[in-house]
Amino acid sequence: MRRGASGSASRIPRARPCAHAGRSAAWPAVMAPAALTAALLGGGLLLAAWRWLRAAARPGAGASMRGKTVIITGANSGLGRAAATELLRMQARVIMGCRDRARAERAAREIRAELGEREAAEGGGELVVRELDLASLRSVRAFCHRVLQEEPRLDVLINNAGIFQCPYMKTEDGFEMQFGVNHLGHFLLTNLLLGLLKNSAPSRIVVVSSKLYKYGEINFEDLNSEISYNKSFCYSRSKLANILFARELARRLEGTGVTVNSLHPGIVRTNLGRYVNIPLLAKPLFNLVSWAFFKTPLEGAQTSIYLASSPDVEGVSGKYFGDCKEEELLPKAMDDLVARKLWDISEVMVGLLK
């Protein structure tokens, strides 16, 4: 220690502890959880408000569907079930075309309970379940045969059912599953019901596609994915095929009183993604994000309901919609030569032409 001139050690005064030091040090530790809680609550309120505004922005119900018959494929869950519920509420006779009859019957009971038996009965609506497996051309033909035998009219056909990014599988008839169900099954279904739709004109065909069509290509050398298979690409290809089919069908039906339009529902929380694997640790975050930003099935079904019922689109055909508004398509989805070639090949694949 340094000594002063007198030779005695100079004393360095010891700092006295500040009376507020403990509280100051503890302050961040106390505030951190509170700030995090406030941020979560604020974010939650903002997300809730955003979802409320999105729901409030939905268009109102279309015209009454009393006396009209609607077929919806895949109507036991997701978008199809939401559309079935709303069209039944609008007094339509709704035929649910579903692969699993037991699940469809359960869904029908739940829909009736949701609306109330009295509301459904007084409204004039009716809910009917029919078995339809789009992975089987035999099942599609049987379904259509029964419809043609029992139904005097068909006002709306909603091609809604689909399978999403599944592992490589084949349909009963040997087609790659996504192309077989999403495109070929609906292609045959629609063609077999065209006569009834024409006799019921003005009538409508609604084709549910996806924004993911943008990533698909129609490879005529490998439509059945026997050379290579990528589940994401094949889904996108099937959705591009939906749009091309709708455009070509609209062209063929000009002047008949039957309109055809396609749509994308947006990103929706449904069981369509059951083949998509999400890591266990990421599931809580995914669930939060999906709740906040994905549409509910009812929100996602609004464009289907709009195209099936709204007077605003009476006579509109060959268009592509999203959020109840017409949208532009990429050039590959408007290629009439590809659309006609796909039609011709599809006719042969499903047995309409030998």
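Helices (H or I, at least four residues) and strands (E, at least two) are taken here as DSSP runs and are numbered from the N terminus. The model is a predicted one, in which local features need pLDDT of at least 70 and side-chain atom pairs count only at pLDDT 80 or more, while totals for chains, interfaces and linings use all residues. Residues are numbered from 1 along each chain as its sequence is written, and side-chain values use heavy atoms, with hydrogens and water left out.

Charged side chains are described at the outset. Side chains of opposite charge can pair when their charged atoms come close. A salt bridge is defined as a side-chain nitrogen of Lys or Arg within 4 Å of a carboxyl oxygen of Asp or Glu, and by this rule the count comes to 18 salt bridges. One of the pairs lies within a helix: Glu150 and Arg146 meet in a salt bridge with an N to O distance of 2.9 Å, and both residues belong to helix H5, where they stand four residues apart, about one turn of the helix. In what follows, a residue is called buried at under 20% relative accessible area, exposed at over 50%, and partly exposed in between (1.4 Å probe, protein chains only). On this scale Glu150 is partly exposed because its relative accessibility is 39%, and Arg146 is likewise partly exposed, at 37%.

Other salt bridges link separate elements of the chain. The side chains of Arg93 and Glu151 meet at 2.6 Å, N to O. Arg93 lies in strand E2 (residues 93–98), whereas Glu151 lies in the loop between helix H5 (137–150) and E4, so this pair ties together parts that are 58 residues apart in sequence. Glu151 counts as buried, since its relative accessibility is 8%. A further salt bridge, of 2.5 Å from N to O, is formed by the side chains of Asp323 and Lys295. Asp323 is placed in the loop between strand E7 (320–322) and strand E8 (325–326), and Lys295 in the loop between helix H8 (283–293) and helix H9 (297–300), so the pair ties together parts that are 28 residues apart in sequence. The two partners fall into separate classes of accessibility, for Asp323 is partly exposed at 43%, while Lys295 is buried at 14%. Salt bridges that share partners also join Glu248, Arg251, Arg252, Arg340 and Asp344 into one network.

Leu337 is located in helix H11 (residues 336–349) and is exposed, with a relative accessible area of 69%. Glu217 is found in the loop between E5 and H7, and at 42% relative accessibility it counts as partly exposed.

Cysteines were examined next. With a disulfide defined as a pair of cysteine sulfur atoms within 2.5 Å, a search of the whole structure finds zero disulfides. Cys166 is in no disulfide, and the nearest cysteine sulfur, that of Cys234, is 8.6 Å away. Cys166 is buried, with a relative accessible area of 0%, and Cys144 is also buried, at 1% relative accessibility.

The backbone was considered last. Most residues other than glycine have a negative phi, and most peptide bonds are trans. Gln165, in the loop between strand E4 (156–159) and H6, has a positive phi near 45 degrees, and the residue counts as buried because its relative accessibility is 13%. Ser225 likewise has a positive phi, near 55 degrees; this residue is placed in the loop between E5 and helix H7 (231–252) and is buried at 4% relative accessibility. A cis peptide bond, with omega of about 5 degrees, joins Ala201 and Pro202, and Pro202 is found in the loop between helix H6 (177–199) and strand E5 (203–208).
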